[in-house]
Structure formats: C-alpha cells, structure tokens
Amino acid sequence: AAAAGNWGGIIARHLSTLSVDSALITFAGGTTSVPGGFGGFNAIELHQANGRIANSVIENNGSGLGGNIADRDARGTHDAAVIFVRASQPVIVDNIIRNNVVAQTAVISVDANSLEAVPVQDFGKQTGSNDRKPGALGNLGPLVRGNRLLANGLSGMRIRGGTLTTESVWDDADIVHVLQSEVIVPDFHTFGGLRIQSRVDESLVVKLGAGAGLT
C-alpha cells in the first residue's frame, strides 16, 4: 500500500528550469540514498531555479525530513514543506494541494530574499497551448495564486527568516503568509527594505508565531 514518503521528490537546482502542468505528485517527501548515506527531500524543491507548477494535484506527501546527511551531499538544507523554494521566484498557480498532513509541513516554504521586488508573470506551459494565467499584472516575486488547500500540516506559505539582502515585497494576497522566525531589515543606503502590500480586492494576511517578528 502506498504511503507518504515512499520516494524522495523532484529537485531543480542552479540554472535549471522545472515545468509541471496537469500532474499528480503524491506519496513523495521521503528519504532516498545520497553519497554517504540518506537524505530527505521535499515533494518539489527549487534552488536558484526557474519553476512553474500549475493545474496539478499534490497530495499525500511527507514532510521531506529525515536521513543522516543534513546537507544531502551539497544539495542544501531544507525544512518541512510540500514545495520548498530557495533563491527562486516560481509560478505556483491553480493547484490542488491537500492531505499533506505531517505536523508543521507547510504548503510552500520560501526564504525572505526570494520574495524579491522583481516582476514575475506566468510564462505558460512548455508544450501545447501556452495556457498562461491572466490577471498577474503587477505581481512581484513568486506568483502564488488560485491554489486550493485542504488538510495540510500548515496550509500557508512559510517565510523563513533571515537578514534581507535585497528589496522584498510580500504581495501574494491569495495565500496566508506564516512567519515563525525573525526577518531583519537592515538600513540600506540605496537598495533594500520590505513592503507588505495588499490588493484593491484582497487583503494580505500575515500570521506570526512564537519568536517571530520584523526587525
């Protein structure tokens, strides 16, 4: 019988491009062999990569944690999530993400510096009709819209804390932002800062847990 964590996941690394459309990704988020032992992998990971995940069902996945090699043979650290993002601005639109029930497993986990003030629009599918999602004008950083979430460990987008090294904008009003650690906004001379931005027809929601904050 299939179960969450039966296999690792899909990982896109530096300079690669991942395009997933109309797919079923399930029973991932487990451990798999890496040189020297075993490492855990989230169902989908983007590390300095371009990515589009659309019109897909992502369900019954594990936390992605486990194994005995923390950096997974130089693939970087990660946390409990279904979709893990580091230094990337992906398009994540119109998916059903459900029944990823391991405690504190976020639907999306993204570092604060990925929420960059750069325009990102849906660039569409790689094959067949383009099928871009309209209505993304003005979006900055990752485009996260139209996803339906049900029965997940943490049905929101976890923003991982740290010191901002770029200008950051939180504007994905279609998903709750969850902050569980500290984001430090230094006093830049020229370029930087944080803007938290709603839409004319939607309010941005940011929830802070114990020990979280903006400094």
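Is Asn147 buried or exposed, and what is its relative accessible area? Asn147 is buried, with a relative accessible area of 14%, where buried means under 20%, exposed means over 50% and partly exposed lies in between, for a 1.4 Å probe and protein chains only.

The model is predicted, so that local features need pLDDT of at least 70 and side-chain atom pairs count only at pLDDT 80 or more, while totals for chains, interfaces and linings use all residues. Residues are numbered from 1 along each chain as its sequence is written, and side-chain values use heavy atoms, with hydrogens and water left out.

**View 1. Asn147 and the residues it contacts.** Asn147 lies in the loop between strand S13 (143-145) and strand S14 (148-150); strands (E, at least two residues) and helices (H or I, at least four residues) are DSSP runs, numbered from the N terminus. The side chain of Asn147 reaches two backbone atoms, namely the oxygen of Ile92 at 3.0 Å and the nitrogen of Asn95, also at 3.0 Å. Leaving aside neighbours within four places in sequence, Asn147 is in contact (heavy atoms within 4.5 Å) with Ile92, Val93, Asp94, Asn95 and Asp174.

**View 2. The open sheet S3-S8-S11-S14.** Four strands form this open sheet in the order given, and the pairing is parallel; two strands pair if DSSP finds at least two bridges between them. Strand S3 (24-26) and S14 are the edge strands, each of which pairs on one side only. From one strand to the next, the twist averages 10 degrees, with axes taken as lines fitted to C-alpha atoms (for helices over the stretch in contact) and angles running from 0 to 180 degrees between N-to-C directions. In general, strands of a sheet pair through backbone hydrogen bonds, either parallel or antiparallel.

**View 3. The pairing of S3 with S8.** S3 and S8 run parallel and are joined by three bridges. Within this pairing, Ile25 stands opposite Ile58 in S8.

**View 4. Asn60, a loop residue with positive phi.** Asn60 lies in the loop between strand S8 (57-59) and strand S9 (81-86), and its phi is near 55 degrees, a positive value in a residue other than glycine. At 24% relative accessibility, Asn60 counts as partly exposed.

**View 5. Ala87, a loop residue with positive phi.** The loop between S9 and strand S10 (91-93) holds Ala87, a residue other than glycine whose phi is positive, near 55 degrees. Ala87 counts as partly exposed, at 37% relative accessibility.

Key. A polar contact is a pair of N or O atoms within 3.5 Å; within protein, one must be able to donate a hydrogen and the other to accept it, and residues adjacent in sequence count only if both atoms are side-chain atoms.
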